Amino acid sequence: MATSVLSRQLSESGALVERHWQELNARRRLYTLLGLALLALTLFASLWFANDSNAGKFFDRLPHFFDFVGDLVPRDAMEIVRALFDLPSPYDDGSFKYNYADGRLYLTDSLYIPEYFHRMLETVNIAIFSTVAGVFFGFILSFLAARNLTPNPWIRGPVRRLMEILRAFPEVVIAGFFLAILSLGPIPAIAAVSIHTIGALGKLFFEVVENADMKPEEGLRAVGANWIERVWFGIVPQVLPNFTSYFLLRLEINVRASTIIGAVGGGGIGELLRLSIGQGHEAKTIAIVILLFTTIFAVDQFSAWLRRRLVGDQAFQLAQ
Amino acid sequence: MTASTKPSLPEMEAIAARHPHLLHSSSRKRFKAALIGIGVLLYMAFSWWFFSIGHVLANANWGIAGTYLADWVSYEVRPEIAIAADGTMAVSYARNSPLGPNPNPDWVTLEKKTVTRTIEAPAAPQASKPKASSSFNFMAPNAALGGSQTAQAQNRIETRNEEVVVRALITYDRSTNIEIADGLVKATHSGETLTMTVDGADTVTPQGPLPRWARQKRPGEKITLSFGLTGWAEVEGDKVSIRNRFFGWANFLFDSNSPFFGKPYGEVVSLIVSGERIDPARSNLSLAWNNILYNAEWQHLDVWTKLLQTIVMAFVGTLFASLIAFPLCFLAARNITPNLFANQLAKRFFDFLRSVDMFIWALFFTRAFGPGPLAGISAIFFTDTGTLGKLYSEALENIDDRQREGVKSVGATPIAVQRFGVLPQVLPVFASQALYFWESNTRSATIIGAVGAGGIGLKLWEAMRTNSDWENVAYMVLLILMVVFVFDSISNACRSRLMGRKPH
């Protein structure tokens with residue numbers, strides 16, 4: 001910067017300080033540059049590696065980048081509506097591409113639920129069920145993992161390790177394992193999502209518990225309450241709004257997670273989407289994407305609204 | 001002392017009268033908790049019915065779950081003992097047995113005898129002919145080619161010496177073993193002994209009542225003996241199948257085709273350091289390394305490559321996402337760009353990228369680029385541009401305006417205002433959030449890999465679908481857990497330095 005212009009008028013010690021500052025600045029700049037160069041080098045090595053081990057090469061495939069948009073154009077716009085609501089298609093030739101009406105789930109003789117709505121309901125239900133199950137166990141474990149409520153490190157340590165393992169264990173492995181034991185269906189997805197949820201929520205919960213005010217607990221201790229009473233009447237009322245907020249945040253994440261797990265064999269809408277993209281059924285794909293997009297958006301908005309009502313704006317800090 | 005602190009009865013009643021809401025809350029409040037609880041319970045009951053959980057759990061094959069779990073950390077060796085009608089036996093191992101092509105483990109003790117057999121050479125089908133000798137009958141194809149007259153001429157009596165097993169003792173552990181001799185199978189487990197008669201054809205008859213660890217569905221049919229974690233066995237009329245389970249991962253370094261297979265570690269090391277070249281074309285060290293990398297059962301090189309792909313996917317995807325989200329978030333922030341249309345456009349764009357979801361992007365890009373990490377990178381890039389853009393613009397909207405005004409007041413250009421008034425405040429937050437997403441994407445990259453977007457996910461999924469490679473699944477899970485743990489620590493350390501607070 002322009003400070004060197006001033007240095008002629010500085011005293012001897014002032015010039016020393018100025019020189020020091022310049023040196024420090026130069027060193028800092030050098031480190032920043034080195035760091036950026038290292039980052040760029042890693043990036044190029046990574047890109048080269050990714051390109052090299054990919055099935056199609058990046059520059060060969062780049063012209064085809066937006067091909068999938070072309071794969072998504074149905075024969076007419078009404079096809080999407082027909083696919084979404086299981087209405088018979090005029091193009092029906094008996095193939096799977098246009099058999100929209102086959103998936104209807106009849107409630108009465110004339111009233112039916114369209115297939116995709118039914119599957120979407122199943123996916124959302126998987127998410128809600130496993131979030132509730134995860135909250136139940138995470139709730140119990142979090143008090144055992146909190147330093148202020150469980151001073152004994154021999155209980156706290158194992159509980160925390162358990163939650164770490166549950167959190168880091170790949171969901172796809174849990175789903176695959178249960179898929180091998182149980183038959184195809186939503187239960188492997190429920191197991192995978194809820195086991196992951198226990199670990200993730202348990203961690204967030206015990207951090208909330210550790211930040212709780214201990215005065216109510218002390219008061220209850222003074223009148224001779226036991227551990228469960230102290231937790232239930234002293235801590236739970238304080239942490240409940242935060243817990244609810246994290247529960248809703250997790251619900252958003254779990255709706256997405258259960259869709260993905262569905263695609264790898266857990267049933268629900270994810271599986272249908274994977275199949276319809278793979279087989280090139282344009283109208284069906286668009287119908288599912290619209291439905292999925294709307295659902296995820298709606299769940300996000302609902303949860304944001306509820307969280308803002310319950311805890312105010314602090315619910316929107318980055319949750320990890 | 002106590003008398004003075006304890007309020008008297010009228011005093012307590014006076015306190016209660018002054019604060020009625022503490023003792024008698026409104027009925028709505030009182031029942032709210034109970035109603036929510038009942039609602040949740042009802043919902044759980046409904047879901048139990050909706051997913052027919054009880055039915056599925058009751059029909060599940062829990063026995064096989066134990067076997068699969070045991071497969072994670074152990075392996076089975078499976079000798080098959082064929083029993084002929086005359087009580088002689090032949091032992092064979094599966095082709096890809098973990099013990100290599102010619103196993104002779106010390107827990108199988110065989111007593112052999114050379115018998116002289118008389119065989120009518122061009123074998124007309126004979127029901128009573130022992131199974132073990134039929135495979136030695138190399139004359140049979142000639143007989144089939146020749147006419148009936150030549151066959152008659154060649155039909156001579158041949159005697160030859162064969163080595164057969166007359167007694168076999170399989171020791172599982174100290175209290176469990178199976179002894180087979182003279183058409184009798186004697187199994188001993190935890191102090192109980194069960195003797196079974198096998199006839200060399202299709203009937204098994206237990207002598208005496210069956211102990212708890214033995215099971216036979218119908219008289220004469222096969223008997224299954226389960227010895228818990230040490231293994232199990234199946235006794236049929238003409239064969240005994242042994243399944244002996246050992247703890248550990250079999251052939252983790254060298255598979256049974258490698259010249260280093262089955263040698264103790266000391267010998268392998270001395271071979272590598274000072275041994276003669278096994279393959280004249282290259283040194284023993286490179287041969288050993290090559291054998292490890294291309295181990296047919298564990299596929300180390302492939303697994304490591306796929307794991308690296310997963311890491312690269314998360315790294316490149318997150319880096320690109322934060323690079324693109326960085327300029328866009330200035331457009332989306334209300335206080336930086338006071339143009340409502342631009343704000344809304346940028347924010348809705350972020351919402352769109354986020355809500356379409358990583359999984360859907362992954363499916364689309366797998367079609368565009370073919371299966372591989374490029375699809376995964378693009379999927380992570382698209383989703384995280386949305387998420388990071390949203391978080392970045394929220395961070396920008398919460399900045400302290402005084403620094404910006406200060407820089408503006410000395411006449412700085414708009415770019416300089418952003419550079420010196422805004423960036424120093426938000427850069428640590430931006431970097432910290434990018435790091436957090438890098439770490440969490442390392443985890444999610446595993447799962448989008450399973451739908452074809454590259455990385456270890458697909459390999460993991462394939463290993464699970466075979467239902468027999470659970471030890472490979474365990475290996476990959478262990479690697480993933482290690483990588484996630486290392487990246488967690490790196491990202492936590494970086495973030496706590498950036499944000500200047502204690503890591504949690």
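**Notes on the two-chain model**

1. In chain B, residues 24 or more positions apart account for 61% of the contacts with a separation of 6 or more, where two residues are in contact if their C-beta atoms, placed from the backbone, lie within 7 Å. In chain A, 65% of the contacts between residues at least 6 apart in sequence join residues at least 24 apart.

2. This is a predicted model, in which local features need pLDDT of at least 70 and side-chain atom pairs count only at pLDDT 80 or more, while totals for chains, interfaces and linings use all residues. Residues are numbered from 1 along each chain as its sequence is written, and chains are lettered from A and ligands numbered from 1 in the order in which they are written.

3. The predictor assigns the complex an ipTM of 0.82 and a pTM of 0.81. For chain B the mean pLDDT (the predictor's confidence in each residue, from 0 to 100) is 82, and 90% of its residues reach 70 or more. Where pLDDT is low, the predicted coordinates should not be read in detail.

4. Chain A has twelve helices and two strands, and chain B has 19 helices and 13 strands; these are DSSP runs numbered from the N terminus, helices being H or I of at least four residues and strands E of at least two. Read from the N terminus, the elements of chain A run α-α-α-α-β-β-α-α-α-α-α-α-α-α. The radius of gyration of chain A is 28 Å, well over the 20 Å that the globule rule gives for 320 residues, so chain A is more spread out than a compact globule. The radius is taken over C-alpha atoms, and the rule is 2.2 Å times the number of residues to the power 0.38.

5. For chain B the radius of gyration is 37 Å, whereas a compact globule of 504 residues would have one near 23 Å. Along the principal axes, the C-alpha atoms of chain B fill a box of roughly 115 × 80 × 50 Å, and the C-alpha trace of chain A spans about 95 × 70 × 40 Å.

6. The domain assignment, which is automatic or from a database, gives chain A domain 1 (9-58) and domain 2 (115-316). Taken over C-alpha atoms, the centres of these two domains of chain A are 41 Å apart.

7. The contact between the chains takes 53 residues from chain A and 56 residues from chain B. On the side of chain A that touches chain B, helix α7 (residues 171-181) of chain A gives the most, with seven residues.

8. Of the 320 residues of chain A, 38% count as buried, that is, with 20 or more other C-beta atoms, placed from the backbone, within 10 Å of their own; of the 504 residues of chain B, 29% do. Why can helix α8 of chain A be called largely enclosed by the rest of the structure? The reason is that 22 of its 25 residues are buried.

9. Ten of the twelve residues of helix α14 (residues 358-369) of chain B are buried, so this helix too is largely enclosed by the rest of the structure; among them are B:Phe359, B:Trp361 and B:Phe369. Helix α14 of chain B is followed by B:Gly370, whose phi is positive, near 80 degrees.
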